[in-house]
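Please look at the structure first.

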Amino acid sequence: MTKISIGPSGLGPVLSAKEVLKKYSKKGFGNCEIDFTYQVYINSKQAEEIKKTSKKYKIKLSIHAPYFVNLNSEEKEKIEASKKRILKCCEIGEQLGAEVVVFHPGFYGKKREEAYENIKKEIAEMQKEINKNNWKIKLAPETMGKINVFGSVEEISNLAKETGCSFCIDFAHVLARDKKVDYEKIKKLFPQKEWHCHFSGIEYGEKGERNHINLKKEQWKELFENLPKDREITIVCESPSRIENCVEGLENIK
Ligand SMILES: [Zn+2]
């Protein structure tokens, strides 16, 4: 039996975090992804408080790392700064009791064929830091929605296989990038028991992702019909009306 948890991206300001988590649990959400996309806005002390509340309401937490990350930059300083940002998310995420830190791995740069090896190496180095600190939190590179950005399902699958990191399957991104979602292929590429996923509606063109849009009920149905049957799947909804969309998702779960 697959266990599916649904919840929104975004916890909002620290001051209202307790109330928001309570509201999420009342709606039946099982998870929430904290947006550190522009900055890590929670300190250690606040993290402990939020962790307690999230345990009380049984909301699993995850982190989305800053957008300013490129593990395949030609400039060494930019790679170091990227890793620092991700590791800061791991530190606070660990204090929050979060399970994964999702991040956008980087760009292909001039030598597309070297991008994979470079990114793999940086992930392995961050993993060493995580181990050194005895953190349980996992790194989760995300499948990306633009064809000229690193992050095809194959690339993310290989990173997970070769480094032991976790992963984030963004179904909207896969659709925008590949123009279809090949669920059978994805099941084969990700045999792991635990899946961390993003889901939303999406507008896209030849080059991939343009905009995240709201989900239709039918899209939830299609997703549920095609998800593997023997996993633990966390779905983070990122559409503009994510709260309403999550409620619809829960209503259509089988
Ligand atoms: Zn993302």
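Are Phe199 and Trp220 buried or exposed? Both Phe199 and Trp220 are buried. Buried means under 20% relative accessible area, exposed over 50% and partly exposed in between, with a 1.4 Å probe and protein chains only.

The model is predicted: local features need pLDDT of at least 70, side-chain atom pairs count only at pLDDT 80 or more, and totals for chains, interfaces and linings use all residues. Residues are numbered from 1 along each chain as its sequence is written, and side-chain values use heavy atoms, with hydrogens and water left out.

**Aromatic pairs**

The whole structure holds 11 aromatic pairs. Rings of Phe, Tyr and Trp (its six-membered ring) pair if their centres lie within 6.5 Å; planes under 30 degrees apart count as stacked, over 60 as edge-to-face and the rest as tilted. Two of the pairs involve Phe199.

| Pair | Centre to centre | Angle between planes | Class |
|---|---|---|---|
| Phe171 and Phe199 | 6.5 Å | 90° | edge-to-face |
| Phe199 and Trp220 | 5.0 Å | 70° | edge-to-face |

Phe171 lies in helix H6 (residues 171-178) and Phe199 in strand E7 (residues 194-199), so their pair ties together parts 28 residues apart in sequence. Helices (H or I, at least four residues) and strands (E, at least two) are DSSP runs, numbered from the N terminus. Phe171 is buried, like Phe199. Trp220 sits in helix H8 (residues 217-226), so its pair with Phe199 of strand E7 links parts 21 residues apart in sequence. One aromatic cluster is formed by Phe171, Tyr183, Phe199, Trp220 and Phe224.

**Helices H1 and H2**

The axes of H1 (residues 17-26) and H2 (residues 44-56) come within 10 Å and cross at roughly 20°. Axes are lines fitted to C-alpha atoms, for helices over the stretch in contact, and angles run from 0 to 180 degrees between N-to-C directions. H1 and H2 are therefore roughly parallel to each other; angles under 35 degrees count as roughly parallel. From H1, Ala17, Lys18 and Leu21 meet Glu49, Ile50, Thr53 and Ser54 of H2. Contact means heavy atoms within 4.5 Å. By class, this contact has 3 nonpolar, 2 polar and 2 charged residues. Ala, Val, Leu, Ile, Met, Phe, Trp, Tyr, Cys and Pro count as nonpolar, Asp, Glu, Lys and Arg as charged, and the others, Gly among them, as polar.

**Asn70**

Asn70 lies in the loop between strand E3 (60-64) and helix H3 (76-96). Asn70 counts as buried because its relative accessibility is 17%. Residues up to four places away in sequence aside, Asn70 touches Lys78, Ile79, Ser82, Pro105, Gly106 and Phe107.

Terms used:
Parallel < 35°, antiparallel > 145°, perpendicular 65-115°, else oblique.
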